[in-house]
Amino acid sequence: MPLASVRVHPSMEPPNAMSHDRPDDAAKPAPLTDTSRRRFLQTAAAAAAWSAAPHGEAKSGQPGAPSAALPPAIPARSVRLTVNERDYVLQLEPRVTLLDALRDHAGLTGTKKGCDRGQCGACTVLVDGRRINSCLSLAVMHEGQRITTVEGLAGNATASPLQHAFVEHDAFQCGFCTSGQLCSATACLSEFAAGSASAVTDDVRTPPSQLTDDEIRERMSGNICRCGAYANIVAAVRAAHEASA
Amino acid sequence: MDAFSYQRATDVNSAIEAARQPGAMFIGGGTNLLDLMKGGVEHPVALIDITRIDTLSQIATLPSGGLRIGALVRNSDAASHADVRMHYPLLAQALLAGASPQLRNMATVGGNLMQRTRCGYFYDTAFPQCNKRAPGSGCAALQGFNRMHAILGASPQCIAVNPSDMSVALAALDATVQVSGPRGARTIPIAQFHRLPGDRPDIDTNLQPGELITSVDLPPPMFSDHTHYLKVRDRASYAFALVSVAAALQMDGHTVKTAHIALGGVAHRPWRARVAEQRITGKALDAATLREAAAAELANAHPLSGNAFKVGLAQRAIVRSVLTAAQTGGTA
């Protein structure tokens, strides 16, 4: 591997490097930045490049051959994201996913990284009220949009009815998928209220009249629970729906 | 993920211009592209973000009475659009059968057409052999795990299948794909949009370099009442099809006036079942006629070591999907 290709992925950052500002309760806060984190990363990157050098040289084969041309590094740029009604100005390379921006740059670690490939739903967040997989989306593409993470579901420090229902129905075991389940279920209920059909709806031409358990299972199928708490998740979603109906 | 530059296009012309730079790719929903980039399969040097081109995000009725679905309309928005649900229920059913709600909220109609195969050997760069990923390297799936692979239209170079559900419905509905490129705009019938692998499995579609899909156009509605999208898969939801069947009928009593049938999960492109269509058109619909028509459609199937089950499964799926379409309307 040529030396210059050594890169430090944000996930390599130790947890204690999160020295940047975080949201607080102060009224009218300035946009939050992640400059101190960048300084750490630059140092870490230099260290990683130095320590990786012998290995990189050993694997480069043909001594004296010109090293393979690599595309120049793409500098980070200021990206303004609105998360849970707070503005964050983050220094991000274009390749940083929304998930990594939230967790590693904005310090909002409620959103979880499960598969990182769009197959498990642990990273589900709401963008302009719609649920998406934040792992398969670039942060830079979400400027100007309203992002809601699990940290933003509760209003005034009061759990949402759905969050209450998850507690009431014991809708989790290890909890790793729960923030994604909660964001997904929040959108699931609003989609049903808007009349959307699903793959188990009898006739897609008319809105389904009832949010049956089959409908809930189909509509929540983008969120995998390794512990298998599905029965209680369905019960919690059903309860929250019935309470709001 | 390798580094790349990022540009946001605001209109079609600037997007096409930006895409002239070597190594550039368009990004819409990104659900497949970013996955492939993370896996080291795709290596764009520049990404042209087309999601802010507002003119491509609309659904509008055409003068012909058909429907134009902008290339950037999200799969979920297409599926929930009133005109799609009422007049093209087959498309709504197919869209809702694909992926998960989260992915459907991201994935665009144009991007869905550009989805690449889910062949595990294409995705996993630990396998050096994949003619689609590395032309000339061979096909690891031929002698490998090929349970999900093609039974129709494959070549010795590639046995991968197209994974899209939406495209199967579009094939049955005779959609057209509108594209713009450095040489202007043109229309590609859906039947000519996706390719069979032949000796160039690295090329999935007949899009030319630099061309951008601007919309998918549907002809005036013919199949509002008798449609069915049947998707057979390993789990009840959120999985790719082993076999799927889009069936759209015009019925005259018990007689089939018009039949459009397309199969998914069996070939490198959506497979229009014209043999089966001909066999049932003008005939009273019954299971025996359908079984015979389905058998004729699959007569030239070439199963692999791991997917012989697909031949029978596809036939039974045709029978059930067409019968269901005849009996009911708009059911998924």
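**Exercise 1. The interface**

How much area is buried between chain A and chain B, and what percentage of it do carbon and sulfur atoms give?

*Solution.* The model is a predicted one. Between chain A and chain B, about 3700 Å² is buried, and carbon and sulfur atoms give 52% of this area. On the side of chain A, the residues that lose the most area to chain B are A:Leu136, A:Met141 and A:Arg205, which together account for 21% of what that side buries. The contact draws 47 residues from chain A and 47 residues from chain B.

**Exercise 2. The sheet of chain A**

Determine the strand order of the open sheet in chain A, identify its edge strands, and describe the pairing of strand 2 with strand 6.

*Solution.* Step one: the open sheet has 6 strands in the order 1-3-2-6-4-5, with mixed pairing. Step two: strand 1 (32–33) and strand 5 (130–133) of chain A are the edge strands, each pairing on one side only. Step three: strand 2 (residues 77–83) and strand 6 (residues 146–148) of chain A pair in the parallel sense over 2 bridges. In strand 6 of chain A, A:Ile147 is the bridge partner of A:Val83.

**Exercise 3. Helices on the sheet**

**Exercise 4. Helix 4 against helix 6**

Classify the packing of helix 4 and helix 6 of chain A and characterise their contact.

*Solution.* Helix 4 (residues 178–193) and helix 6 (residues 230–244) of chain A pack at an angle of about 45°, with axes 11 Å apart. Helix 4 of chain A is therefore oblique to helix 6 of chain A. The crossing is right-handed. A:Gln181, A:Ala185, A:Leu189 and A:Phe192 of helix 4 meet A:Ile233, A:Val237, A:Ala240 and A:His241 of helix 6. These contact residues comprise 6 nonpolar, 2 polar and no charged.

**Exercise 5. The sheet of chain B**

Describe the strand order of the open sheet in chain B and the pairing of strand 2 with strand 3.

*Solution.* The open sheet of 3 strands has the order 1-3-2, with parallel pairing. Its edge strands are strand 1 (5–8) and strand 2 (24–27) of chain B. Neighbouring strands are turned by 25° against each other on average, direction ignored. Strand 2 and strand 3 (residues 46–49) of chain B pair in the parallel sense over 4 bridges, and B:Phe26 has B:Ile48 in strand 3 as its bridge partner.

Technical notes: Residues are numbered from 1 along each chain as its sequence is written. Chains are lettered from A and ligands numbered from 1 in the order in which they are written. This is a predicted model: local features need pLDDT of at least 70, side-chain atom pairs count only at pLDDT 80 or more; totals for chains, interfaces and linings use all residues. Side-chain values use heavy atoms; hydrogens and water are left out. Axes are lines fitted to C-alpha atoms, for helices over the stretch in contact, and angles run from 0 to 180 degrees between N-to-C directions. Angles under 35 degrees count as roughly parallel, over 145 as roughly antiparallel, 65 to 115 as roughly perpendicular and the rest as oblique. A crossing is left-handed if the near helix is turned anticlockwise from the far one by less than a right angle, and right-handed if clockwise. Contact means heavy atoms within 4.5 Å. Ala, Val, Leu, Ile, Met, Phe, Trp, Tyr, Cys and Pro count as nonpolar, Asp, Glu, Lys and Arg as charged, and the others, Gly among them, as polar. Two strands pair if DSSP finds at least two bridges between them. Buried area is the accessible area (1.4 Å probe) that two parts lose on being put together, summed over both.
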